[in-house]
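Good morning, colleagues. Please look at the sequence and the structure as they come up, and I shall then take you through a few of their features.

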Amino acid sequence: MADLGKKDEAVDATPNVTDVETVDAATEAEAVAAIEAPVERGEPILQVRNLVKHFPLTQGILFKKQIGAVKAVDGVSFDLYQGETLGIVGESGCGKSTVAKLLMNLERATAGEVFYKGQDITKLSGRALKAVRRNIQMVFQDPYTSLNPRMTVGDIIGEPFDIHPEVAPKGDRRRKVQELLDVVGLNPEYINRYPHQFSGGQRQRIGIARGLALNPEIIICDEPVSALDVSVQAQVVNLMEKLQDEFNLSYVFIAHDLSIVRHISDRVGVMYLGKMAEIGTDVQIYDHPTHPLHPGAAVGGPGPGPGSPRQPRADHPHRRRPLAGEPAVRLPLPHPLLEGAGQVLHRDAAAGDPGALPGPGHPGGARIGVPLRRGEGRGPRVLTRGT
Amino acid sequence: MLLDVRDLEVEFRTRDGVAKAVNGVNYSVEAGQTLAVLGESGSGKSVTAQAVMGILDMPPGRITGGQILFQGQDLLTLKEEERRRIRGAKMAMIFQDALSSLNPVLSVGAQLGEMFEVHRGLSRKDARTKAVELMDRVRIPAAKDRVGDYPHQFSGGMRQRVMIAMALALEPDLIIADEPTTALDVTVQAQVMDLLAELQRELDMGLILITHDLGVVADVADKIAVMYAGRIVENAPVHEIYKAPAHPYTRGLLDSIPRLDQKGQELYAIKGLPPNLMNIPPGCAFNPRCPLARDMCRTDVPPLYEVSESRTSACHFWQEALHA
């Protein structure tokens, strides 16, 4: 592992991945039955294999020509076990939110598979896909924009029942919604209120209640507490842990706050430039990182960190060590210095020396020091009228 | 004393009533010192800073009391014309969201240079040279080539560096940074904080760092003022506050950060919600959420008790809080 930084396989190493027992369902009914089957605690419930999502970059208006692709997710594999919390961390732009969308099949994967109970959901459609989506729900980051301001709380939480009426018959819905409000710690009498009448933390509880409405097995949480104040963050994290025990949920918990992720997760995966750089138990990841991103990321998180609470100041061993440079860009830019960006983080892992980080004129340092020529690589070039 | 804010009070008159955003804030900064102002959203930390800078929206805002002494002079008695001469030249501000604080249709160089043209009367060409120097100073690589670039061509961290450069342009004596790293990735956060701390040392400026993140300030601040519902509830040197907070609110904030030895346990959470500023609870504003609250807390507003020479706490039972 000491020789990271050249051309390394370590970056897309995917340990802890078991074989997938696929289920071949001949008919839709069989597929649905397989999806509804229970999974034992500790067994893999979601298995992701070599997941790839490339967003094409095109040029021209009439005759669209693909000139490249943003490799948002570029070969990610992992398992999610029933009842566990898998944390996924990474900087913005590393592809973690795209992974979340792919797991829900909200984005069509370019390549790769997502097996839910042995069925590849990227190939499902119709009733089977609907059944999968019932069992995999999502909680979003921003409680201000993910709730429709014109709908009452009752309508927001009850909307999933319109799509899946089998979960709650019409006459029963109001009671169901009130139950859900109670479960997430809100007053059931708030059912007719609108989102703006709630604080950020309360709104996130509404988002969680909506995610719980259909009794899902997996909840994908995309930065669920990032927008909240510190004191409220703790309340929401506690609630999520309580619900996990109560409803036997599996979580994929995406965040960039390492201390929160460590607290809630059984295992943590670290993403960098569309790949899963490393995955393991929290102790493996935080205390014995093998990927060069980590020493920076783990301790780069500011402050009274794990193990050294309330011990600020320069002389203590957990003082954060900033990673120099910025995440490389994944656009296939026509610039020699950017070749290889998106594959390798150039850093002397053995030395763990921040000084050896990508800097100007260093590949992988991508943008830094590279005066991009105007009009180059800043997104698709589009012909405008008159040219 | 570089800046001394005394009993500052600010309120906002809205259709629904009067929101008391700042209710008697006292803090001070000396040259070369870093004060971190800590608090949740709505605690009044940004409003206080805006009042100091003189960029508070008035109306609906109104400064109803107190003094802001800057280098011995009460800023609140100055005319707008005089304040404008101080703003930028003697005190400057760095905002949270660099993308919306920079003008998208002007190049970064033009925006940096403008400072020199307006305040120093330099020609456009000289101003541009100065802009390149500034960009070098905040370590924007290839400054010469990037001076003509527009804000959207920079990454978040680089944009925040541009903001810092702009604040530094006229070498002010005081810089107020309002959540300078909140919008940035953790790895970039550390870079920006280090840069800010280094420049401050170099130029011997006073720095007020506004944040809600306890982690960010631990490394760089000299002292911390914790705000709650428009008041300072605790004022202390940074070491002491992390070691033993003297206010139950500060303790709550520190305890709600997940720690290694508590993994698998429930996180400590301050119960309840921050108060509505139009209807602040009588007595100590924190009493409905406070584990130590007693009858006295519901009736008497706690004064700032002196905990030690350099430390104050607005809690009737600070001794208990300290030893909890």
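B:L69 stands opposite B:D74, a residue of strand β5 of chain B. Please bear in mind that this is a predicted model. The partner of β5(B) here is strand β4 of chain B, residues 61-70; the two run antiparallel and are joined by 2 bridges.

Let us now turn to the sheet itself. In chain B, an open sheet of 4 strands is arranged in the order β2-β1-β4-β5, and the pairing is antiparallel. Which strands stand at the edges of this sheet? They are β2 (17-29) and β5 (73-74) of chain B; each has a single partner strand, so one side of each is left without a neighbour in the sheet. As a general point, strands of a sheet pair through backbone hydrogen bonds, in either a parallel or an antiparallel manner.

I move next to the surface of chain A. A nonpolar patch there consists of A:I61, A:L62 and A:F63, which together have about 430 Å² of accessible area. A:I61 belongs to the loop between β1 and β2 (65-81) of chain A. Because its relative accessible area is 54%, and exposed means over 50%, A:I61 is exposed.

Finally, there is a charged patch. Four residues, A:D19, A:E21, A:E40 and A:E43, form a negative surface patch. Where is A:E43 found? This residue is in the loop of chain A between α1 (28-36) and β1 (44-59). Its relative accessibility is 43%, so A:E43 counts as partly exposed.

Thank you for your attention.

Definitions and conventions. Residues are numbered from 1 along each chain as its sequence is written. Chains are lettered from A and ligands numbered from 1 in the order in which they are written. This is a predicted model: local features need pLDDT of at least 70, side-chain atom pairs count only at pLDDT 80 or more; totals for chains, interfaces and linings use all residues. Side-chain values use heavy atoms; hydrogens and water are left out. Patches are made of residues with over 30% relative accessible area and no salt bridge: like charges are joined within 9 Å, nonpolar side chains (Val, Leu, Ile, Met, Phe, Trp, Tyr) within 5 Å. Accessible areas come from the Shrake-Rupley method with a 1.4 Å probe; for residues, only the protein chains shown count as cover. A salt bridge is a side-chain nitrogen of Lys or Arg within 4 Å of a carboxyl oxygen of Asp or Glu. Lys and Arg count as positive and Asp and Glu as negative; His and the chain ends are not counted. The place of a charge is taken as NZ of Lys, CZ of Arg, CG of Asp or CD of Glu. Buried means under 20% relative accessible area, exposed over 50%, partly exposed in between (1.4 Å probe, protein chains only). Two strands pair if DSSP finds at least two bridges between them.
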